[in-house]
Amino acid sequence: MPTKPDAEPLVSVRNLKTYYSIRGSFGDRLVGREAGQVKAVDDVSFDLRKGEVLGLVGESGSGKTTLGRTLLGLVRATDGSVMFEGRDITKLSERELRAHRRRMQIVFQDPHASLNPAMTIGDAVGHPLRIHGLVQGRDQMRRRVAEALEIVGLSPAEQFLDKYPSDLSGGQKQRAVIARAVILNPVLLVADEPVSMLDMSVRAKILELMLNLKHEFDLSYLYITHDLATAKFFCDRIAILYLGRIVEIGPSAAIYEEPKHPYTQALLRAIPEPDPLRTVPRDLPRGEVPDAARPPRGCSFHPRCPRAFEICGWETRDLRDLLEAHWARTGAEEYEAERPLFGDLDSLSASNGVAVRVPARAGATGGDLLAILERVRADEPDEPFWKGVRAMHAGADALEIEWNEAREPRLVASGPVEVECHLYG
Amino acid sequence: MSDAPVLSVRDLRVHYGTVRGTVRAVDRVSFDIGAAEVLGLVGESGCGKSTLGRGVLGLLPEGAASDGQVLYGGRNLVGLSPRQLSGLRGPELGLIFQEPMTRLNPLLRIEDHFKETLEQHEPQLTEREIRQRSLETLGRVGIPPTRFRQYPHEFSGGMRQRIMIALALVLRPKLLVADEPTTSLDVIVEAQILAILADLKRNFGTALLLITHNLGIIAEACDRVAVMYAGKIVEDGPARDVFADPAHPYTRELLRSTISLETTELHSIPGAPPNLIDPPAGCHFHPRCPDVMRVCSWKQPIDVAPGPDRRVQCWLHGPEAEIPPGEAAGLEREEIAVADEA
Amino acid sequence: MAIPVQPIESPFRRRARGLGRAVGPIREARGFPRLMLYIGAGITLLFVLLALLAPVISPYDFDQYQSGGHRFPQLASPSSGHWMGTTVQSTDVMSRVIWGAQTELKVVFISLVFAITVGVPLGLLSGYFGGKLDRGLVLVMDALYAFPYLLLAIVIAFLLSNSIGKGVLTAAIAISATYVPLYFRVVRNQVIALREESYVEAARALGAKPLTIIRKYVFHNVVQNVPPIATLNAADAILLLTALGFLGYGIQPTDAAEWGYDSSRAVSDAASGIWWTALFPGIAIVLLVTGLTLVGEGLNETMNPVLRRRRVQRVNFDQEPEPPIVEAVEGS
Amino acid sequence: MAAVAQGTSLKSYLLTRLVLVVPMVLILLTFVFLLMRVAPGDPISAALGGHNVPQSVIDQIKHRLGFDKPLWQQYVEYLGNIFRGNFGTTITDQRPVSDIILTNGAATLELTFFAMIVALVVGVFVGLLAGRFRDTSVDVGGRMFGIVIYAMPVFFIGLMAQLLFGSVLGWLPTSGRASPITQATLQTHTNLFVIDSIYDRNWGALKDVMLHLILPAVTLGLVTAGVFIRLIRVNVIRTMKDDYIEAARARGIRERDVVYRHAFKNALVPVITVIGLSLALLLGGAVVTETTFNWPGIGHELVLYLENRDYSAVQGIVVVFGLVVVFVSLVIDFVNAFIDPRIRY
């Protein structure tokens, strides 16, 4: 039930980057060697209008949680800007930020860890009022808190004011957390996987509550989740995140009816549907979300993408994945026969230059390696990897492979959505 | 179910003591698993499905006790000595868990895990045969032989779950119990693992008891389904029939409240799952059941077959003879304040 | 809509309820941990009473060597007059043991207070704020922590002794200096773990100032497990104090009786077979340290969730609430 | 999330650990330096002065030892000396501290070495048993044993042993490193009597030396064993609850293998790092043990120098103790890196 968002954006994010430097060993820091960075959020831009619900959907390691926290200033942004009510959040000091905290709030994933075990529900939900000095005396505080608890459905409120978090169920705790978030009547609510820890029979109630709050208080939501099913029901617009970048963003209807990016298509196909006529999908991308500290070249989805082609960013690491997938399929005898011919494979996963020299072990020649690769190619000719190989020539003791030139994909408009993929670039 | 079932459970009870009292996690449960069949066990958290899964293999927490029959290969596993049971676990019955990250010994290479398992149960194998069989099984679940000598911390969550499955399958068990195997994985990796589990029949001829709270996984991966609520199996039957025409109100309500891509309007079940120390009298679901009758609130429903190869425990399906006169009238449910809602 | 407001709970009752929640696990302890707690508490209480009531209980003053004009016998074996015999300076061994309890507990208490009031706040701030302060402090504390702390205590006692004398204060400072790194490390590691918890991050999101967050969210959950450490630490402190006394860097013998010092005097007696001057102070040390360790281990066992063993009720199937139902007609 | 962990390779881990030792040592030396000079009152003159030494003599000694120079100059000289292995000379008997270390160090080394063996054997054995058979009589017995031996001060056990073994039963020697005859006949190559006697195949001397070692080493060892028992027991309890234990049982691995190969191994890995720390406990205890059994080690010397307030001797010995502890924990970390693969790759 998406609502019509009005024109002026409440939040506009431009080229936001949040990088974590991997705590290199003390030695690295001492000699100043750059220990590598995790680009949790890598140049993300989008707008969020007043009253709108934007879904941030991505798997683990996609940076969706970091993005949510950077928006609220809980995590320092490395670069870029977040305009909220005329101020750039990323440039504010911790002290200045605190004043803004009244206007934007967050609800966490794990209700059991979001409430201080040593505080009663009344104190916890009422604490924001005391922090911002919005209330005088315990009497007025208790009344305001009781009101908030009633609004989120914890009625009769009296029964909960003096309870400790350990006395409540998961659903009730999440309601208390929401009460604490809305008691300051914020404008923006970042909900980080608010229902994923709850049972199916209770999820609907919390989503319904959040929708009611939206209408009643004209709240805007940033709904962070890995579950496209609840997002479809709850969000006006959806942004799909992969390895810190938005790969597709647009209105919900367009994303679900006509997903463009191969990753979005795969996500939608992978969701298990409660319909026995369907079977577990088999044509899914292989492998897993790569290590964010060393993202793949060009488009970071290319190693898993069934529709990748020449310019998607093929590199040496993909050769190692190809060989490993081949040996996993063929089994031990072939592996024992072929592996000894290859030299050191570990170096392959490190270098990702334009060309690579695959060393052959003593007694083997580049030709032997080429023969093996040709056999692998014959097994699966339409494997996208081969589109990435410009040329292969067998040297005396090694095999030289040249990769096609890789290009960085850019977010481009394509119909009602924007997508970051060379298929549409 | 043409040929004899691999496992048949009759009137199994698994209770364990806690500070506040005895938890009746599994309360008189009966079901069968056919050879090379996939039985899905679905229920919300705290309904006892995990205890049932582990109870079948006799892997129970301290202070737990089981009673009734778990018939495997003509023997009742309940009451077997720990030695006899551990002889069966592995070569006959396998178990894989929800959280893969901590299930491998961090100090041992993957190769050592396989060597230990195979040397224990098939001592006659030579060094080469052990390596051959391990690499072959690992290949079938998508782990390349190049990583055989690596340590657990060098693998991602999805890879470790594949290794756990291979470790269970290397002994070619007849039955594998999978306790929420994909709950902590991303949706694409989840589908990859489910594909492996669903193909157990074809690749290894292994029967599978798949325990999950996700009705989508049941629909796509299972032949039959058993729905569990508050320690009891309230309904079981072929997945197609149960999904098309759910007999028990809880199954129907659960299906309606599942949010999937096709969901048009939100639905939820009022009230909260009961605690298993003193569950409600009569049918445990009656306080939350929209079709509740007077008899439901005091008398325990009896197994009834509403159709071929199906079973349900609900007075809606009779048998009328057991329902005293006048008890079939509807019971207006007193307003369940949200206060005690989940 | 006017919401009927219940009479507000009196702050005292709220504190009591809060405290009740913290003490809860202790009431629930069962089996050996409970036994340990009770025995330990019993022994410790005995010594506390000895210390408090020393003037009343002790037959003689700690340094009294004669009464009513005639001097006590030297090195007399335990007799009716002197239950634990006398020392070479003909002072009564039992009186020195009783008065010694007062000295030990006083010094240990002061050193604990010093160590906690310095170590815990430093740990809190360093753990929460991190940065250069944290890195610097950690390096210093680790260097101190790795140092043989008896040596450290001796050197500090040696240095302070010629400025402020070998009194209770010197010993207390020497001991507490070696334990500050212990509290710093424990509290800091806890705070770092807590800082990742959602409710601490939520507090930041609410706009609370760092000090408010430490006070209301972090402090309570950290301070809960200082008691077990403090009791085990007290046991250590007594061993350290008596060792200092034995080496001559404990309390000035003229100021008060101290078991370590008495033991060092007993070394020469032992050579000639006199056992009582060495045995009784030694046993007092062993008993008090064991008592405190038992309390510490008992507390640790009941409050640490990993170790906690809750009393579980035995399961028996026969008294079954519902009547066993008859097997229904099989569907298939 | 990371498909392949990017652990720093072993080489750079060890390099880092080595680099980290430098600040540790610096802090240690600075701490001892400041301690000696900045403590309240003027410890130097008080130490040198004693009761009736004229001020002029004090000034003259101060000048000789360079205490009258500005603080930072003293500091630079102090570090320079230590770097060149010169830990200063004692005031009372003009003996270079490095000489004390060579002659007496061997005695302390021998004592702490055997004490550590006692601590490890007793601690690991009882700790594993207590953890494995939790809340049975074995556990209760093991824990009580651990608590009581830890609660017994070294000098108390020493005194009781002297009474029991010394004057009453007379089996075991209760003071000194060896009987006078052995001391006279044994040539000292390394000053480690046990090794020297083995080297010369002088079995009589070896027996005598070992007999002299038993009481002090066992006494000191038992105290540290108490620490190991408590730590290992908790570790065993924690690892028995780990998920890979349940997974191993699900694979039908025999309980014996589950306990020994999986639980015990993982329980003992963290213990290795504690050995470094417990060395500090041992060295501290050695000072008291050597005084009780008048074992001629560095600790014994330290007490004597402390008694006659020998300033730079105390400083030198304390520095040596600190350096030993820091370098031993460095070696322990290397060992740990080899054993625990998670650190290695």
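**View 1. The largest nonpolar core of this predicted model holds 403 residues.** Four of its residues touch the most other members: Ala179(A), Ala153(C), Ile154(C) and Leu244(C). Helix H10 of chain D, residues 203–240, gives the most to this core. Its contribution is 16 residues.

**View 2. Contacts around Leu244(C).** Neighbours within four places in sequence are left aside here.

**View 3. Where chain B meets chain A.** On this interface, 50 residues of chain B are in contact with 50 residues of chain A. Five helices of chain B each give two or more residues to the side that touches chain A. They are H4 (127–140), H6 (187–198), H8 (215–221), H9 (239–244) and H10 (249–257). H6(B) supplies the largest share, 8 residues. By class, this side of chain B has 27 nonpolar, 17 polar and 6 charged residues.

**View 4. Chain A as a whole.** The chain has 425 residues, of which 48% count as buried. Its secondary structure comes to 16 helices and 15 strands. The C-alpha trace spans about 85 × 60 × 45 Å along its principal axes. Among contacts between residues at least 6 apart in sequence, 66% join residues at least 24 apart.

**View 5. An open sheet of 8 strands in chain A.** The strand order is E6-E7-E8-E3-E9-E10-E15-E14, with mixed pairing. Strands E6 (104–107) and E14 (412–414) of chain A are the edges, and each pairs on one side only. Direction ignored, neighbouring strands are turned by 20 degrees against each other on average. Within the sheet, E7 (residues 188–192) and E8 (residues 220–225) of chain A pair in the parallel sense over 5 bridges. Asp192(A) has Ile224(A) as its bridge partner in E8(A). Helix H7 of chain A, residues 170–182, packs on the sheet and touches E6 and E7 of chain A. The direction of H7(A) makes about 170 degrees with that of E6(A).

**View 6. Strand E13 of chain A and its two partners.** Side chains alternate along E13(A), residues 398–403. Leu399(A), Ile401(A) and Trp403(A) point to one face and are buried. Strand E11 of chain A, residues 355–359, pairs with E13(A) in the antiparallel sense over 5 bridges. In this pair, Ala355(A) stands opposite Glu402(A). Strand E12 of chain A, residues 389–394, also pairs with E13(A) in the antiparallel sense, over 5 bridges. Here Val389(A) stands opposite Trp403(A). A hairpin joins E12(A) to E13(A) through 3 residues.

**View 7. Val376(A) in helix H15 of chain A.** The helix covers residues 366–379. Val376(A) counts as buried because 20 other C-beta atoms lie within 10 Å, and the cut-off for buried is 20 or more. Beyond its neighbours within four places in sequence, Val376(A) is in contact with Leu322(A) and His326(A). Met210(A) is 166 residues from Val376(A) in sequence and 53 Å from it in space, C-alpha to C-alpha.

Methods:
Residues are numbered from 1 along each chain as its sequence is written. Chains are lettered from A and ligands numbered from 1 in the order in which they are written. This is a predicted model: local features need pLDDT of at least 70, side-chain atom pairs count only at pLDDT 80 or more; totals for chains, interfaces and linings use all residues. Two residues are in contact if their C-beta atoms, placed from the backbone, lie within 7 Å. Helices (H or I, at least four residues) and strands (E, at least two) are DSSP runs, numbered from the N terminus. Ala, Val, Leu, Ile, Met, Phe, Trp, Tyr, Cys and Pro count as nonpolar, Asp, Glu, Lys and Arg as charged, and the others, Gly among them, as polar. Two strands pair if DSSP finds at least two bridges between them. Axes are lines fitted to C-alpha atoms, for helices over the stretch in contact, and angles run from 0 to 180 degrees between N-to-C directions. A residue is buried if 20 or more other C-beta atoms lie within 10 Å of its own, exposed if 12 or fewer, and partly exposed in between; C-beta atoms are placed from the backbone. A nonpolar core is a set of buried Ala, Val, Leu, Ile, Met, Phe, Trp, Tyr and Cys residues joined through C-beta atoms within 7 Å.
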